Amino acid sequence: MMKLFLPKQHGAWAMLIIPFWLGVIEGGFMWKHVPFFFGWLLLYLATYPMLLLFKKKKPQFYTKWTLVYMIPSLLLLLIPLLERPTIFYFGLLMILFFIINAYFTSKNQDRAFMNDISAIFAFSVAGLASSYLGHGVMNIETLVFTFVTSVLFFVGCTFYVKTMIREKKNTQFKWISWIYHFLLVAVWIGVGFWIVAIAFIPSLLRAMIFYGKPLSPKQIGIYEIINSAIFFTIMAIQIILLK
């Protein structure tokens, strides 16, 4: 039996799921969201070996796995595309971020901060696309409560994970992370969206409480899954209350 070639960036799974399904909640569920999600999942799986092609190592292996995932992905994505052909523009937007990721991969700078930010934006665009499939319009609520909140949340996750692993001895980076998380909560309270502020409070607490603790990458990952689930649940409540 052929062993699947899967991405090693476990944190990307939350980015794959959260924006997309927040968009579904905001735009309204339809059955075509199911093939859309699986097509999106396979597209993500295809981009992993595709990006590794830019390292110019094992081209046949990575080409094979790109096609294994890409072909069924495109077939599934035809279903939402036929429903709303203009959803194609979201795909074009994602391509721009993919080009940025390809550049950093070709330079062997996969862990670069801007590479992470580009990936976060690409994943968050999926939330706009899933919402647009539901109601066919793009409004400020969709932009703020699916896209902006997802971007802000995952940028915070990037800061936090770096302070726990690669930048754990960098005091300046610690303060950047803490101030960023504090401002997220303060600004959302300031603009009157206290439920959104609550969604970001667990991120603030874990950024400060866990800093300097000898947590293993596995423990960090488990806590991030819990934090992501809390964020998604509270944001879903906020979106439902706004409808």
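What radius of gyration does the chain of 243 residues have, and what would a compact globule have?

1. The chain has a radius of gyration of 18 Å, which agrees with the value near 18 Å for a compact globule of 243 residues. The radius is taken over C-alpha atoms, and the globule rule is 2.2 Å times the number of residues to the power 0.38. The C-alpha trace spans about 45 × 45 × 30 Å along its principal axes.

2. This is a predicted model, in which local features need pLDDT of at least 70 and side-chain atom pairs count only at pLDDT 80 or more, while totals for chains, interfaces and linings use all residues. Residues are numbered from 1 along each chain as its sequence is written, and side-chain values use heavy atoms, with hydrogens and water left out.

3. The chain holds 9 helices and 0 strands. Helices (H or I, at least four residues) and strands (E, at least two) are DSSP runs, numbered from the N terminus. Of contacts between residues at least 6 apart in sequence, 75% join residues at least 24 apart; contact means heavy atoms within 4.5 Å.

4. Buried residues make up 48% of the 243 in the chain. Buried means under 20% relative accessible area, exposed over 50%, and partly exposed in between (1.4 Å probe, protein chains only).

5. The largest nonpolar core has 67 residues, and W40, F123, F154, F200 and F231 have the most contacts inside it. Helix α2 (residues 33-52) gives the largest share of this core, 12 residues. A nonpolar core is a set of buried Ala, Val, Leu, Ile, Met, Phe, Trp, Tyr and Cys residues joined through side-chain atoms within 4.5 Å.

6. F154 is in contact with A14, M15, I18, P19 and I120, leaving aside neighbours within four places in sequence.

7. S203 lies in helix α8 (residues 194-209). With a relative accessible area of 2%, S203 is buried. Not counting residues up to four places away in sequence, S203 touches F153, H181 and N227.

8. E141 lies in helix α6 (residues 140-164) and counts as partly exposed because its relative accessibility is 35%. E141 and L242 are 101 residues apart in sequence, and their C-alpha atoms are 8.5 Å apart in space.
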